[in-house]
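Biologist: Please put the model up, and then we can go through it residue by residue.

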Amino acid sequence: MEALTGRLLLSNATLFDPNFRRTVVLIGHHDDEGAVGVVLNRPLGVAVEAAVPPLSELVATGEELFEGGPVQPDAAVVIAEFSDPSRASLVAFGAVGFVPDELETADRDAIVRARIFAGYSGWGPGQLEDELAEDAWLVTAATEGDVFTSEPERLWERVVRRLGPGYAVLQTMPMDPSAN
């Protein structure tokens, strides 16, 4: 299978895991040993300066902390757009990548904009491939606008719409299909 680094995973109608229902996940790294990414559309309703004050200087005042996934929810993960992508510890696509754990001044100066996540999403060897074979996820290209959207609560619907009219019915499905 082709590596999915830098791609978006959109939860499909058959994915009922509450950790991922109607989520958009940016895959930051994918290889034979597994995959890691962050959920882009789950703001936590708490400002970064209140939750992780040392990272508040990387984002605008009042910027929300996001739930990156169920793995290590107490760990902060920072995704940024870099003026110099070589400053990223891991480039997802284009100029978007993960901020190094040890943030030096040169790295900080290369950050154009950033988003902070509590935790991340992870898959072991073959796990994501199995989920893709079960049609749990739809895969599409990521854009900077997806990562840094000002309307994260509408991101899933917007990206599904980009997939084309064949996916229109997916947008109308209720969160809980038994309510249908």
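Biologist: Is Ala 76 buried, exposed or partly exposed?

Modeller: This is a predicted model, in which local features need pLDDT of at least 70, side-chain atom pairs count only at pLDDT 80 or more, and totals for chains, interfaces and linings use all residues. Residues are numbered from 1 along each chain as its sequence is written, and side-chain values use heavy atoms, with hydrogens and water left out. Buried means under 20% relative accessible area, exposed over 50%, and partly exposed in between, with a 1.4 Å probe and protein chains only. Ala 76 has a relative accessible area of 41%, so the class is partly exposed.

Biologist: Which residues does Ala 76 touch, not counting those up to four places away in sequence?

Modeller: Ala 76 lies in strand S6; strands (E, at least two residues) and helices (H or I, at least four) are DSSP runs numbered from the N terminus. With contact meaning heavy atoms within 4.5 Å, the residues touched are Val 52, Leu 55, Ile 116 and Phe 117.

Biologist: How much space lies in the largest pocket?

Modeller: On a 1 Å grid over the protein atoms alone, a pocket is an open set of points where a 1.4 Å probe fits, with protein on both sides within 12 Å along at least five of seven lines; lining residues have an atom within 4 Å of a point. Grid points are joined across faces, edges and corners, and the volume is the space filled by probe spheres set on them. Of the 13 lining residues, Ala 76, Val 77, Val 78, Val 99 and Asp 101 lie nearest the centre. The space in the largest pocket is about 240 Å³.

Biologist: Which element gives the largest share of that lining?

Modeller: The lining divides into ten nonpolar, two polar and one charged residue. Five lining residues, the largest share, come from S6.

Biologist: Which backbone oxygen does the side chain of Thr 23 reach?

Modeller: Thr 23 sits in the loop between strand S1 (7–11) and strand S2 (24–31), and is buried because its relative accessible area is 0%. Its contacts beyond four places in sequence include Leu 9, Trp 137 and Trp 156. A polar contact is a pair of N or O atoms within 3.5 Å; within protein, one must be able to donate a hydrogen and the other to accept it, and residues adjacent in sequence count only if both atoms are side-chain atoms. At 2.7 Å, the Thr 23 side chain reaches the backbone oxygen of Phe 20.

Biologist: Which side chain is joined to that of Thr 149 by a polar contact?

Modeller: Thr 149 is in the loop between helix H4 (144–147) and H5, and counts as buried because its relative accessibility is 6%. A polar atom of the Thr 149 side chain lies 3.0 Å from the backbone nitrogen of Glu 151. The side-chain partner, at 2.7 Å, is Arg 158.

How values were computed. Nonpolar A, V, L, I, M, F, W, Y, C, P; charged D, E, K, R; others polar.
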